[in-house]
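Please consult the sequence and the structure shown here.

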Amino acid sequence: MARGCLQGVKYLMFAFNLLFWLGGCGVLGVGIWLAATQGNFATLSSSFPSLSAANLLIVTGTFVMAIGFVGCIGALKENKCLLLTFFVLLLLVFLLEATIAVLFFAYSDKIDSYAQQDLKKGLHLYGTQGNVGLTNAWSIIQTDFRCCGVSNYTDWFEVYNATRVPDSCCLEFSDSCGLHEPGTWWKSPCYETVKAWLQENLLAVGIFGLCTALVQILGLTFAMTMYCQVVKADTYCA
């Protein structure tokens, strides 16, 4: 009976971790594709230049693949050490995510202030050599969200030391349109515009976060259940 339960949990755990590993492969693949085709796309921070979409996806994908691999081998080999390692790693990830979420909501005002200051510093790297990713990211954000600057279009005046904005701030795009009158530019601040868009899609973000947490809890349950079954089987055989 104990052996039958162990076999059932074993195959469930293997299937779960195989999907987990394949998901990590997908995330890693997207990250590598972004790095190869878009450079450091979405690198907006001057303090953390390596914090790009591509790098985040590569690190996340690699870590997920590693955890999934440990889980798969642990399930196939019915190895207590690997199963416990998988459980501990997944538990640490879960606790880290929960801690980050709590700190984010607890210090949201301070994070807002710091993020705006850092983004304004990053504006000074716009259009400079070696910062193609940052330049492209700002151009896309200002065009798609119809906004200009971090808190105001005047943020760009300090960058250019003139009454000028990037062409992506223009209501109607044309070469050197950023040199025209302020009446031809978007007036909405990008930080507040993007923040409002995220708040409007908070339900989707919440569902994604909930699904992620449920998957991790499921993985923890499978790992601990199988670990206990392996211990019982070993005791029974002994």
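**Annotated spans and helices**

According to UniProt, the annotation "transmembrane region" covers residues 14–34, 56–76, 86–106 and 202–222; UniProt positions follow the numbering used here, feature names are shortened, and annotations may be inferred rather than shown by experiment. The model is predicted: local features need pLDDT of at least 70, side-chain atom pairs count only at pLDDT 80 or more, and totals for chains, interfaces and linings use all residues. Residues are numbered from 1 along each chain as its sequence is written, and side-chain values use heavy atoms, with hydrogens and water left out.

**Two annotated spans**

**Helix α4**
- The 16 residues of α4 reach 22 Å from first C-alpha to last, close to the 22 Å expected (1.5 Å times one less than the number of residues).
- Asp112, Asp118, Leu119, Gly122 and Leu123 are the buried residues of α4 (buried is under 20% relative accessible area, exposed over 50%, partly exposed in between; 1.4 Å probe, protein chains only).
- Because these buried residues fall within an arc of 145° seen down the axis of α4, they line one face of the helix (the arc is that of the directions from the axis to the C-beta atoms).
- On the other side of α4, Asp109, Lys110 and Lys121 are exposed.

**Helix α5**
- Buried residues of α5 include Leu134, Trp138 and Ile141.
- Arg146, with a positive phi near 55°, follows α5.

Technical notes:
Helices (H or I, at least four residues) and strands (E, at least two) are DSSP runs, numbered from the N terminus.
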